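Colleague: I'm new to this one. Could you walk me through how to read a few of its features?

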Amino acid sequence: MFRAVVFAGTTEGRELAEFLERCQVLADVCVATEYGGQLLKECRSCRVHAGRLDAEGMESLLKRTAEDETVLAVDATHPYASEVTKNVKAACEAAGAEYIRLLRPSWKSAGDGCQGRGGEPEDGRKGRVTLVESVEDAVAFLEKTSGNILVTTGSKELHKFTALTDYQDRVFARVLSTPESVQASAQLGFTGKHLICMQGPFSEALNRAMLQQIDAKWLVTKESGKTGGFEEKIRAAKAAGAGVVLIGRPEEEQGLSLEEVKRYLAKRLKLNIKRKISLVGIGMGAGENMTLEAKRACEQAQLLIGAKRMLKNFSGTSQAKFVSYRPGEIRDYLYDHPEYERIALLQSGDVGFYSGAKGLLEALKGEEIEVYPGISSAVYFCAKLHIPWEDAKLVSLHGRSANVIAQVRENRKVFLLAGKGEGVNSLCRKLTEYGMGALLLSVGEELSYPEERIRVGTAEKFAKEKFSDLCVALIENPGAQPAAVHGIEDEKFLRDRVPMTKSEVRSISLSKLRLNRKSVVYDVGAGTGSVAVEAALQAAEGQVYAIEKKAEAAALIRANQKKFAADNLTVVEGLAPEALNGLPSPTHVFIGGSSGNLKEIMEAVLEKNPAVRIVVNCIALETAAEAIDCLRTLPVTDTDIVCVTVGKAKEAGAYHMMMGQNPVYVISCSGGTAV
């Protein structure tokens, strides 16, 4: 059986005892006073021993416990209680108990206005820190000064300040609100407004208010660490214009922090730590954007995890911080640091708007997670513009690709998470190239921060300007029209002398192809690119590759791509199937011209994707025969053969005459074998 013995008396000691209770670890907790015992919550697994123990008493307790159980002693006494620490170490050695020193991290004065040890006094140092070796040195230093003094070192050594001239007028003592402390202070002459009885630690605001209330020129404190409210005292003194006399620690000790002790115990005892994880949307980034419940979740967390930018708002807080946004890395860190029971995972904007929350929820499945939504950049930016966002298409380029041109072409409003400033420049250049340079853009940079900037202008103008990497844009296109399903008139395509799949046959072929918005399409033997362009307009969130061996035709495809703003169309010059090498796996393939390589082309695309959908257009009977043979010999199913004959009317005077076009065989199939 294992039992911990905690020599407490500090905030860390109390927190460790409560941690052991939550983990149901048997423990004895020793505190010097009844008041210290009262601060510990009632618990079933911890026994509280109130009263000061000397070295002999400590040894006796440890030996009694060690008779039946393995003992690990944690010395969580105050950093200045050096004599007590010596006694605990000696008792552990005599009783054969493992010793761990829980030590508050030391405050480093470099860069914090510290003038060094000693130094000439000057009234109203305005937050500058003077280091001294002892209380006696502090008294000697203050004797050379003037002005009121707030002493926050407790009642135990308060008697030493009575050596100051006029101490009853100058010194204001802040001590614990216990009868013993009050009585001892009163006997020294500290009464009335010169005696402040309160339990710390105190906030910066309260420290500042006390200093201002008594018009203090000096604050005397020990290096009590973050949990002792030391940093709040230093900041308050600076704000109140008071100098700080800092009594240094008696000696440099080696030890573990509270978190390190918890981690050690958790791993050694294989404790089942029950974490409470908060997934928090923090808004744009400035602290003012956070909801009250989001702020509360962050304030209550022991550990904050997020990208570097998100953690800046919490740089002045005492919580532990870990810079990361990768779900797997965050999961591993939490499992390696079981000492943290309350964690806040920070997400920019709202957790449901292009957020990493989805990946985190998946990676941390099984954990207790609360989700706190935030204000998204779309909501914030449109509010700034006085424009409703309910009818805007929301698109992100942050860590992903998207066919923004198609969204602008089809929607009157497009809200864009640009990812980086160059994303806005690139978009504006493309809009200008596709004949949409006159469209109006509103660009927001560094939203919510002091550097926030909102600009409104045309795409053509913004193509030449620079933007911050933290930016969003709203593109307005009053003339937006949804893309036609298919059947664009032949006359709208640039054609020259290049063969083109006619409108009616194109409509049937695309219908047989069964595209969706995310299809990856090959148009082999693309000619003018009429099929490729229509496929690109339909598969706006996918990608189309137009494979064409003739340079003249490839140039014509690019011209038609620009005319129809088909930004997700890529022209590949070369002869199939060799030209298909290096292209991503297709979901759909249209073969309008094969140059005698039909079987090889079909074999190549089936190898890339055995479930690919294929449509072949054949005019020559020999090509149709070759296609039918492929249906028999290749691993395909869902086969279909349609012969399309189109007659189009031509005016002849007062009459219309039907002119027949060449019949076309539309042959379709899907990869796979019939069941």
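Colleague: Let's start with strand pairing. Which residue of strand 16 is the bridge partner of L303?

Modeller: Keep in mind that this is a predicted model. The partner of L303 is I343 in strand 16. That bridge belongs to a parallel pairing of strand 14 (residues 303–306) with strand 16, made over three bridges.

Colleague: Which strand does strand 16 run parallel to with six bridges?

Modeller: That's strand 13, residues 276–281. One place to look is S278, whose bridge partner in strand 16 is A344.

Colleague: Is strand 16 largely enclosed or open?

Modeller: The general idea is to check burial residue by residue, where under 20% relative accessible area is buried. Strand 16 covers residues 342–347, and five of its six residues are buried, so the rest of the structure largely encloses it.

Colleague: How about aromatic rings? How many aromatic pairs are there in the whole structure?

Modeller: A search finds nine. Take F353 and Y354: their ring centres are 5.1 Å apart and the planes meet at 70°, so we call the pair edge-to-face. F353 is buried at 13% relative accessible area, while Y354 is partly exposed at 36%. These two also sit in a cluster, linked by ring pairs, with F381 and F415.

Colleague: And what kind of pair do Y522 and Y545 form?

Modeller: Edge-to-face, with 6.3 Å centre to centre and 85° between the planes. This pair links distant parts of the chain, as Y522 lies in strand 23 and Y545 in strand 24, 23 residues apart. Y522 is buried at 0% relative accessibility, and Y545 is buried at 12%.

Technical notes. Residues numbered from 1 in each chain as written. Predicted model: local features only at pLDDT ≥ 70, side-chain atom pairs only at ≥ 80, totals over all residues. Heavy atoms only, no water. Buried < 20%, exposed > 50% of the residue type's maximum accessible area, 1.4 Å probe, protein only. Helix = DSSP H or I, 4+ residues; strand = E, 2+ residues; numbered from the N terminus. Pairing = 2+ DSSP bridges. Phe/Tyr/Trp six-rings, centres within 6.5 Å; stacked < 30°, edge-to-face > 60°.
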